[in-house]
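Here is a note for a colleague who is opening this entry for the first time. The points below can be read alongside the sequence and the 3D view.

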Amino acid sequence: MLFKTLLSVVGVHQSDQDVMRAIDLCTEIDAHLSVLVVALAAPPPVGAYAAVLSEPWLEEREADNAELKIRVDQLAELAAKAGVSSDVNGCYSELTWADQEVGQRARYSDLTVIGPELLTDGQLTTLAISGAIFESARPVLLLPAGKSPTLRPKTILVAWDSRIESARAVHEAMALMTGAQRVHVTLVDPSAGLDLSGPEPGADVATFLARHGVKVVVDRLPSAGHEVAHVLKRHAADLDADMIVMGAYGHSRLRERMWGGVTRTMIEQADLPVFMAH
C-alpha cells in the first residue's frame, strides 16, 4: 500500500513550487496532502536595551504572524483548486524548537516531502530535514531540482550497508520497490564476514526483497578512491534511476545535528529524489 498522507514542509517566503510538486505526488497516488508553513521567529532582545527594543520586537512578531496567516490561506486555496484532499497549517517557531515542531507534525504523515526550494533555504533546510528525519520516526523524500519526482519509480537504487538505518529505509520503501521494474541493491567496498554483510554481501537483503516480489539485482562496487556518495550518485546516473533509497545517519550534539558524511553529501548535492529513513 502506497502512502496515504504526505507532508510538505515549506518556508513562509517560498514560492508555490514545492507545494505544487507535493500536489503532483498526491495526485499520482491519491493521497492526502498536509502542508506545514514554517516561519522562524526573530530572537528576543537581550541586554541593557531589551526594555527599549521589546515593543518593536513584539510588533515584528505580530507582523510575522499576520504574514504567516496570509501564506497559509494562499496555499490552502492553491491545494483546493488542484482538487486534492488537503490541510494547511502555519508554524511560528522559535529557532531552538523548529526541528521538534516539524518532527511532531511529521509523525502524523506517512512521508515528509522536502522540495527543491526548501533544500536551498539554508537554516530552515537543516531544521526541517533534521526534524523530519530524527524527530518523527517517518521517512523523508528529498526532491532536488531537475528530475521529475514520482512515487511510482521504475528503477530504484538502494544504498545498502547492512546497518539498522539502511534496513529501516528498505522496510519503509517496500511499497515503492514492489512496484518498481528494477531494484539495484548497491554495496560500495563490501567485505564478506559474519558480523554484518555475511559471506556473500547483499545476498541476505536480496533474498528478503525477492520474497516480497521485488525484482532485485545486487551490485557490488569498488570505491576506487572516490567518496561513497560519489560512487552511489554515478551508479544511479548509469542506471537512469528514478530514486535512491538509503539510511540517514547522524547524531545530536547539544541539539545541533551532526550528519554522517554520505548523508550530508546526499542532502546537499542530490541530483535525483532521495528517500531516507533513520
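**Notes on salt bridges, helix faces and cores**

1. Lysine 69 and aspartate 73 are joined through their side chains by a salt bridge, 3.2 Å from N to O. The model is a predicted one. Both residues belong to helix α2, and because they are four residues apart there, about one helical turn separates them. An α-helix has 3.6 residues a turn, so residues three or four places apart point the same way. Lysine 69 is exposed, at 54% relative accessibility, whereas aspartate 73 is partly exposed, with a relative accessible area of 41%.

2. The structure has nine salt bridges. Another of them pairs arginine 61 with glutamate 94, whose closest N and O atoms are 2.8 Å apart. This pair links distant parts of the chain, 33 residues apart: arginine 61 is in helix α2 (residues 50-82), and glutamate 94 is in the loop between β3 (86-93) and α3 (98-106). Arginine 61 is buried, with a relative accessible area of 17%. Glutamate 94 is partly exposed, at 29%.

3. Arginine 220 and glutamate 200 also form a salt bridge through their side chains, at 3.5 Å from N to O.

4. Arginine 71 is part of helix α2 and is buried, at 10% relative accessibility. Its side chain makes a polar contact of 2.6 Å with the side chain of aspartate 16. A polar contact of 3.0 Å joins the side chain of arginine 71 to that of glutamine 74.

5. Helix α5 (residues 164-172) has Glu165, Ser166, Ala169 and Val170 among its buried residues. Viewed down the axis of α5, the buried residues fall within an arc of 140°, so they line one face of the helix. Exposed residues Ile164 and His171 are on the face turned away from the buried side of α5. The cover over the buried residues of α5 includes β6 (155-159), α6 (174-178), α7 (203-211), β9 (243-247) and β12 (274-277).

6. In soluble globular proteins, nonpolar side chains tend to be buried together. Here the largest nonpolar core has 50 residues, and those with the most contacts inside it are Leu6, Val37, Leu151, Leu176, Met177 and Phe275. Helix α1 (residues 17-29) supplies the largest share of this core, six residues. A second, separate core has 36 residues, including Leu124, Leu239, Met266 and Met276.

7. Methionine 177 is one of the residues with the most contacts inside the largest core. Apart from its neighbours within four places in sequence, methionine 177 is in contact with Ile156, Val158, Val170, Val183, Leu209 and Val214. Val170 is also one of the buried residues of helix α5.

Note on methods:
Residues are numbered from 1 along each chain as its sequence is written. This is a predicted model: local features need pLDDT of at least 70, side-chain atom pairs count only at pLDDT 80 or more; totals for chains, interfaces and linings use all residues. Side-chain values use heavy atoms; hydrogens and water are left out. Buried means under 20% relative accessible area, exposed over 50%, partly exposed in between (1.4 Å probe, protein chains only). Helices (H or I, at least four residues) and strands (E, at least two) are DSSP runs, numbered from the N terminus. The arc is that of the directions from the helix axis to the C-beta atoms. Contact means heavy atoms within 4.5 Å. A nonpolar core is a set of buried Ala, Val, Leu, Ile, Met, Phe, Trp, Tyr and Cys residues joined through side-chain atoms within 4.5 Å. A salt bridge is a side-chain nitrogen of Lys or Arg within 4 Å of a carboxyl oxygen of Asp or Glu. A polar contact is a pair of N or O atoms within 3.5 Å; within protein, one must be able to donate a hydrogen and the other to accept it, and residues adjacent in sequence count only if both atoms are side-chain atoms.
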